[in-house]
Amino acid sequence: MKFSIIIPTLNRAWCIKNAINSVLNQNYPDYEIIIIDDGSTDHTREAIQEFLNEKIKYFWQENQGKGNAVNFALNKISGDIIFILDSDDELIKWVFEETAKEFDQDRELVSVHFLSKFPPHIHRKSQLIWWDRLYLKYPDFLTAKKFKWDMHGFINTAKLWDTRFEGKCPNWLESIFYLRLLKKWWRSLFVNKEFLFMDASRQDAKDNLTSFASTFSRAPSMIAWYEILIKENINEALEIDKNTLWKWYFQKFQWQIIGGEKNKWFDSFWKSIKYTKSLTSRLKKLLFITLFLVPNFMMKYVLQIYYKNK
């Protein structure tokens with residue numbers, strides 16, 4: 001089985017070599033690397049020149065977002081298994097061998113997923129779960145009842161067909177993509193092993209105010225993500241579990257408050273109430289909105305002062 005590793009990147013000359021080397025260090029010879037530079041203005045092109053050969057190809061495009069960069073690469077691949085490797089992440093050495101074994105044993109799998117690991121300086125805990133191996137179907141992804149899912153996975157090229165990434169939605173691209181695949185093909189495998197160092201090359205430790213600012217800046221893309229998620233899966237959610245819908249609408253409502261969409265958040269809030277099963281839960285939401293709005297607006301005020309005086 002041949003692996004096609006897609007590395008989308010933007011101004012990451014300082015770390016992309018580590019990502020590439022993590023592929024070259026695999027105990028598995030059959031692979032290709034497709035690097036898609038989404039409009040870098042640093043020296044990314046020069047940084048990767050030493051790696052380029054018949055197995056490692058580089059393409060540059062005007063900035064169009066990660067989703068469009070990956071979609072471009074999907075038209076260039078020739079492998080049996082696809083993986084999208086962020087340019088600041090690094091693969092652990094054994095993962096190609098393990099993944100090939102899983103797909104050899106079950107050719108009907110849509111994807112194989114492992115756990116991500118964070119380096120100590122990122123101050124985020126890796127996900128540890130109770131099962132060793134777990135097969136999941138579309139309803140499990142939809143309701144997320146059995147697990148907290150990590151959407152970094154190896155994809156069966158034979159199941160890809162015309163499924164593509166959402167180009168205009170930069171956050172959590174993978175989750176929408178895998179839901180689209182599972183609606184067609186139904187089954188994925190999760191293995192309880194850490195295979196990837198996420199943000200391995202990042203050295204920045206954000207202070208609290210900068211982290212809050214980052215949260216506010218993410219709001220538009222998160223709102224777009226929930227709009228796509230609801231639009232594409234609302235009928236299935238109504239059949240499988242209405243409780244899923246109130247969660248989606250309520251989370252969309254929260255991001256609309258954070259993002260300042262004053263004229264739109266009420267519709268999301270009302271629909272979250274509509275799909276809530278019990279009166280008690282509805283009262284809790286009304287209490288939450290009161291407790292949520294005040295600190296939110298206070299934090300925006302603090303951030304304005306912080307950046308004004310910085």
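The exercises below work through a predicted model of one protein chain, each with a solution in steps.

Residues are numbered from 1 along each chain as its sequence is written, and side-chain values use heavy atoms, with hydrogens and water left out. Because the model is predicted, local features need pLDDT of at least 70 and side-chain atom pairs count only at pLDDT 80 or more, while totals for chains, interfaces and linings use all residues.

**Exercise 1. The chain as a whole**

Task: State how many helices and strands the chain has, and what percentage of its residues count as buried.

Solution: 
1. Helices (H or I, at least four residues) and strands (E, at least two) are DSSP runs, numbered from the N terminus. The chain has 10 helices and nine strands.
2. Buried means under 20% relative accessible area, exposed over 50%, and partly exposed in between (1.4 Å probe, protein chains only). By this rule, 50% of the 310 residues are buried.
3. Contact means heavy atoms within 4.5 Å. Among contacts with a separation of 6 or more, 77% join residues 24 or more positions apart.
4. Accessible areas come from the Shrake-Rupley method with a 1.4 Å probe; for residues, only the protein chains shown count as cover. The chain has an accessible surface of about 15,900 Å², and carbon and sulfur atoms hold 54% of that area.

**Exercise 2. Aspartate 86**

Task: Decide whether aspartate 86 is buried or exposed, and name its polar partner.

Solution: 
1. Aspartate 86 sits in the loop between β4 (81–84) and β5 (90–91).
2. Its relative accessibility is 16%, so aspartate 86 counts as buried.
3. A polar contact is a pair of N or O atoms within 3.5 Å; within protein, one must be able to donate a hydrogen and the other to accept it, and residues adjacent in sequence count only if both atoms are side-chain atoms. The side chains of aspartate 86 and lysine 66 make such a contact at 2.8 Å.
4. Leaving out residues up to four places away in sequence, aspartate 86 touches Pro8, Ala19, Lys66 and His152.

**Exercise 3. The nonpolar cores**

Task: Name the residues of the largest nonpolar core that touch the most other members.

Solution: 
1. A nonpolar core is a set of buried Ala, Val, Leu, Ile, Met, Phe, Trp, Tyr and Cys residues joined through side-chain atoms within 4.5 Å.
2. The largest core has 48 residues, and Leu74, Ile82 and Trp248 touch the most other members.
3. The contacts of isoleucine 82 beyond four places in sequence include Ile6, Leu74, Ile77 and Leu160.
4. A second, separate core has 31 residues, including Ile5, Val23, Val95 and Phe154.

**Exercise 4. Aromatic pairs**

Task: Count the aromatic pairs and describe two of them.

Solution: 
1. Rings of Phe, Tyr and Trp (its six-membered ring) pair if their centres lie within 6.5 Å; planes under 30 degrees apart count as stacked, over 60 as edge-to-face and the rest as tilted. The structure holds 19 such pairs.
2. Phenylalanine 59 and phenylalanine 72 pair edge-to-face, at 5.6 Å centre to centre and 70° between the planes. Phenylalanine 59 is in strand β3 and phenylalanine 72 in helix α3 (residues 66–74), so the pair ties together parts that are 13 residues apart in sequence.
3. Phenylalanine 59 is partly exposed at 22%, and phenylalanine 72 is partly exposed at 30%.
4. Tryptophan 94 and phenylalanine 114 also form an edge-to-face pair, at 5.5 Å centre to centre with 75° between the planes. Tryptophan 94 is in the loop between β5 and α4, and phenylalanine 114 is in strand β6 (residues 111–117), 20 residues apart.
5. Tryptophan 94 is partly exposed at 26%, whereas phenylalanine 114 is buried at 1%.
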